[in-house]
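Please open the structure in your viewer and keep the selection panel at hand. The tour moves from one selection to the next, and at each stop it says what is there.

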Amino acid sequence: MRRTPLYDQHVAAGARIVDFGGWEMPVVYGSQIEEHHAVRRDAGMFDVSHMCTVDLRGAGVRALLSHLLANDVGRLTTPGKALYSCMLRPDAGVIDDLIVYFLDERWFRLVVNAGTADKDLAWIRERAAVLGVAVVPRRDLAMIAVQGPQARAKAAALLPEACRLPAAALGNFFGLPCDEWFVARTGYTGEDGYEITLPAEEAPALWNALLAAGVKPCGLGARDTLRLEAGMNLYGNDMDETVSPFESGLAWTVVLEGTRDFIGKAALEAQRAAGPTRKLVGLLLLERGVLRSHQRVVTDAAGEGEVTSGTFSPTLERSIGFARVPAATGGSVNVDIRGRLLPARVVKPPFARNGSIKIEL
Amino acid sequence: MSNIPGDLRYTKSHEWLRSLPDGSIEIGISDHAQAALGDLVFVEVPEAGRVLSAGDACAVVESVKAASDVYSPVSGEVLAGNDLLATQPEMINQDPYGQGWILRLRPTGAAGGADLLDAKAYAAEVASAS
C-alpha cells in the first residue's frame, strides 16, 4: 500500500483511511456532509497527491498530444492554459481522462488518475520515444486541492512569495509554475479554488497552515458527492475502456472537425455516423432512497440501463446520479433500488455548482 | 472508542436491545455501527402491527456510503417505528441509544437471549472485528 506525504496529517485529524486503488487515503474525517458543505459554502482541502503529475518535454510534445488526445491541444495557445481531455484506444474506449497544461512549446504537464497512471505512462511512452519527447512522472510532488468560495482568499497568503501575485491574477482553468510549486485554478468540486502542486517534503507544512487558516480537511467521500453534484465524471465508474466519450456525456471534449488525426478518431466518426446507441444522463430520484452505482434502470420503451454513479446530494437533499441508458430514453425512468422500482427524472447536469442548485427540483 | 452502554444487550450484526418496563423491547443500531456507516440520510422503519421473526430484516438504514439492513434480534409484533427518523435520520448518528431508536416491539414467546451479547462481549466483538 502506498501513502501520500500527508498520511500522518490524516491520521492525526482522525481520518477513516481506506484502500483507494492501492493508496491509503482519507475517506472522511468526521461528517462527510459537513465536509461537503464546507466546500460549497466556505473552504475545504483535499489531499490528491495520489494523482500523478507527468511532465512531457521535447520539441515534439504538441504533436504527440495532438495525436494522443481526443480534445485538441491546438486550443492551447496561451501559456498556462489547461484542457480537459480523454485519451482513447483505437476503438474509442476511454483509457483515462486527464488535465493537460500548456506551459511552453517544449513543456506540457499532465495530471492523470492514480489507478490508471501505470497504463497511461506505458501508453504515452510507446508513442513519445519516436517524437523525442521525455515522459517524466513526478512522484516527488504532492498535490493539495483547496476548494470553495473562500478557498483562494484563505490560501493566498500561504503561497511562496514568488507565486502570490501571479496566483491572484490567475484566470479560470489556468496553471502557473513558480519556483518548484505549481498553482492551478482548477478543481473537481464545481467551486472556485486552487490545486496546488508542490515538493512532497513541503506538503505537510502547507496542509497545517491551511488548517490554521480555517480550511476544513475533506475526504474522498465529500470529493465524490461534490464532483457528482458538479456533473463531473469519475473514471472507472462513469467511463472506462469499454465505452466511448459519446456514450459518457463527454462529446464536448472531443474535436472531430479538421484534418487532425488522433487515436480513436475513426471509431468516433463511425459512431457519430451510425448514431450512438447509449448515452450518459443525470438522474434525480423522485422518492426517498439513494441511487447507487450498478442499480438497474428501466425505461418505458427504450430498454434497460445502469446507474454509473449515485449518491445522496447534500446540497439538494435528494438522491442524484448518472446512468448509462439507451439513446432513445426520454425524460423519466425507473430505478431498481433494492427490489423496488422508483421513479427518477432525467436531468441535465450539473446538479449544483458555485454554492447553488442548478436544476429544477 | 465507541460508546457501549452497560445496560443494553447487543447482536453481532450491531443492533442493540433495551428492555422497557412494560415488557416491550426497543431496538436500534450501536454507536460503532453508526460511525462505520457515516452520515445517515435515509431510514425506513417498520409499521406498527408487522409481525417479525428473529433474524428478519426489519428496517433499512442508508448513509452517504451504503444501505444496510437492520435485523430484528427477536420475534415479536412491531409496536412502533421511530417516525422522527423520516425527517431526521441524523438522529441515529447523534444519539444512537436515545432519540435514534428504530423500533419497539412486543416479543412473542421467550425473548430468546441465547445469541445476544452483553456490553462486555459486544465490546470484545467490536475490538476483534476492527
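Begin by selecting F108(A), which touches L56(A), V61(A), L65(A), V100(A), Y101(A), F102(A) and L103(A), leaving aside residues up to four places away in sequence; two residues are in contact if their C-beta atoms, placed from the backbone, lie within 7 Å. Before going further, note that this is a predicted model, in which local features need pLDDT of at least 70 and side-chain atom pairs count only at pLDDT 80 or more, while totals for chains, interfaces and linings use all residues. Residues are numbered from 1 along each chain as its sequence is written, and chains are lettered from A and ligands numbered from 1 in the order in which they are written.

Now widen the selection to the core. F108(A) is among the residues that touch the most other members of the largest nonpolar core, which has 131 residues, and V100(A), I144(A), V146(A), V183(A), L283(A) and I102(B) are the others. Such a core is a set of buried Ala, Val, Leu, Ile, Met, Phe, Trp, Tyr and Cys residues joined through C-beta atoms within 7 Å, and a residue is buried if 20 or more other C-beta atoms, placed from the backbone, lie within 10 Å of its own, exposed if 12 or fewer, and partly exposed in between. Strand β6 (residues 94-104) of chain A gives this core its largest share, 8 residues; helices (H or I, at least four residues) and strands (E, at least two) are DSSP runs, numbered from the N terminus. A second, separate core of 5 residues includes W23(A), V27(A), V28(A) and L220(A).

From L220(A), select the whole of α8(A), where L220(A) is one of the buried residues. Because 10 of the 10 residues of α8(A) are buried, this helix is largely enclosed by the rest of the structure. After α8(A) comes G231(A), whose phi is positive, near 80°.

Next, show both chains together: 12 residues of chain A are in contact with 8 residues of chain B. On the side of chain A that touches chain B, α2 (32-41), α8 (220-229) and β16 (304-313) each supply at least two residues. By class, that side has 4 nonpolar, 6 polar and 2 charged residues, where Ala, Val, Leu, Ile, Met, Phe, Trp, Tyr, Cys and Pro count as nonpolar, Asp, Glu, Lys and Arg as charged, and the others, Gly among them, as polar.

β3 (residues 25-29) and β9 (residues 103-107) of chain B pair in the antiparallel sense over 3 bridges, and E26(B) has R104(B) in β9(B) as its bridge partner. β9(B) also pairs with β8(B), antiparallel and over 5 bridges, with P107(B) as the bridge partner of G76(B). G76(B) is in turn the bridge partner of L52(B), and 2 bridges join β5(B) to β8 (residues 76-81) of chain B in an antiparallel arrangement.

Methods. Pairing = 2+ DSSP bridges.
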